[in-house]
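Subject: Structure handover

Hi there,

Here is the structure I promised to pass on. My notes on it follow below, so please have a look whenever you have a moment.

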Amino acid sequence: MNVFVFGAGVSQTAGLPLNRDLYSGLRQYVLKKARSDKSYVGIKQKWQLLERQKILSTRSDFEMNLTRLDIEILKNRNLQYFRDSMGDALTDFFNDEHKRICATPGSLHNLRKFARRHIEPGDVIITFKYDCLVVRVL
C-alpha cells in the first residue's frame, strides 16, 4: 500500500490557479460575471469598495486577503454577508473552471498519467486542495 499526499499544485498543470493566483483569478471572474449576472453586481461593488479601503489587495494572495477580511468582520459584522458571497463566488468559479478543464482535450493528461503509473487498488490518497479534479481522474 502506498500513501499519496496531494496539495493544490497537483491541478496546476490542468489549469487551476495556485494560491498566489487565486485572488486575481476569482476577482476577474466576479468582475466578468457581474456583466451578465445581476446577482454578482453587489459582490463586485463591495469588492471594489474593500479594495479602495485597502482591506482587499490585488498584491496579496487569496489567504492573506481572506485573513484581512476576517479581521475586519470582527469590527464590522455586516461584512459577513460579503464573505459568504465571496465563498459562493469561489464555488461558482471552481465549478466553471472544472467544466472548462474537463471539456478541454488533454487537460487532465498529467493527472491521468500519474494515476495510471503509480496508483493501485488499496492505495491511500490524502488531499489538501481546493478542487476535486484528482477525484474526477480517479
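How far apart are the mean positions of the positive and negative charges of the protein? They are 6 Å apart, for 23 positive and 15 negative charges. Lys and Arg count as positive and Asp and Glu as negative, with His and the chain ends not counted; each charge is placed at NZ of Lys, CZ of Arg, CG of Asp or CD of Glu.

A word on the ground rules. This is a predicted model, in which local features need pLDDT of at least 70 and side-chain atom pairs count only at pLDDT 80 or more, while totals for chains, interfaces and linings use all residues. Residues are numbered from 1 along each chain as its sequence is written, and side-chain values use heavy atoms, with hydrogens and water left out.

Overall picture

The protein has six helices and two strands, taken as DSSP runs numbered from the N terminus (helices: H or I, at least four residues; strands: E, at least two). Their order along the sequence is β-α-α-α-α-α-β-α. The C-alpha trace spans about 50 × 30 × 25 Å along its principal axes. The accessible surface is about 8700 Å², and carbon and sulfur atoms account for 51% of that (Shrake-Rupley method, 1.4 Å probe; for residues, only the protein chains shown count as cover). Of the 138 residues, 37% are buried, where buried means under 20% relative accessible area, exposed over 50% and partly exposed in between (1.4 Å probe, protein chains only). Taking contacts between residues at least 6 apart in sequence, 69% join residues at least 24 apart; a contact means heavy atoms within 4.5 Å.

The core

The largest nonpolar core has 36 residues. Such a core is a set of buried Ala, Val, Leu, Ile, Met, Phe, Trp, Tyr and Cys residues joined through side-chain atoms within 4.5 Å. The members that touch the most others are Leu-26, Trp-47, Phe-62, Leu-69, Phe-82 and Met-86. At least two residues each come from strand 1, helix 1 (19-36), helix 2, helix 3 (62-75), helix 4, helix 5 and helix 6 (133-137), and helix 4 gives the largest share, with seven. Beyond its neighbours within four places in sequence, Phe-62 is in contact with Asn-19, Leu-22, Tyr-23, Leu-26, Met-86 and Leu-90.

Aromatic pairs

There are eight aromatic pairs: rings of Phe, Tyr and Trp (its six-membered ring) with centres within 6.5 Å, called stacked for planes under 30 degrees apart, edge-to-face over 60 and tilted for the rest. Phe-6 and Phe-114 are edge-to-face because their planes stand at 75°, with ring centres 5.8 Å apart. Phe-6 belongs to strand 1 (residues 3-7) and Phe-114 to helix 5 (residues 109-118), so this pair ties together parts 108 residues apart in sequence. Phe-6 is buried at 10% relative accessible area, whereas Phe-114 is partly exposed at 31%.

Trp-47 and Phe-82 also pair edge-to-face, at 6.0 Å centre to centre and 85° between planes. Trp-47 sits in helix 2 and Phe-82 in helix 4 (residues 80-103), so the parts they tie together are 35 residues apart in sequence. Trp-47 is buried at 1%, and Phe-82 is buried at 4%. Separately, Tyr-29, Tyr-40, Phe-93 and Phe-94 form one aromatic cluster.

Do look at Glu-51, in helix 2 (residues 41-52). Glu-51 counts as buried because its relative accessibility is 16%. Apart from neighbours within four places in sequence, Glu-51 is in contact with Tyr-23, Arg-27, Leu-56 and Thr-58.

Best wishes
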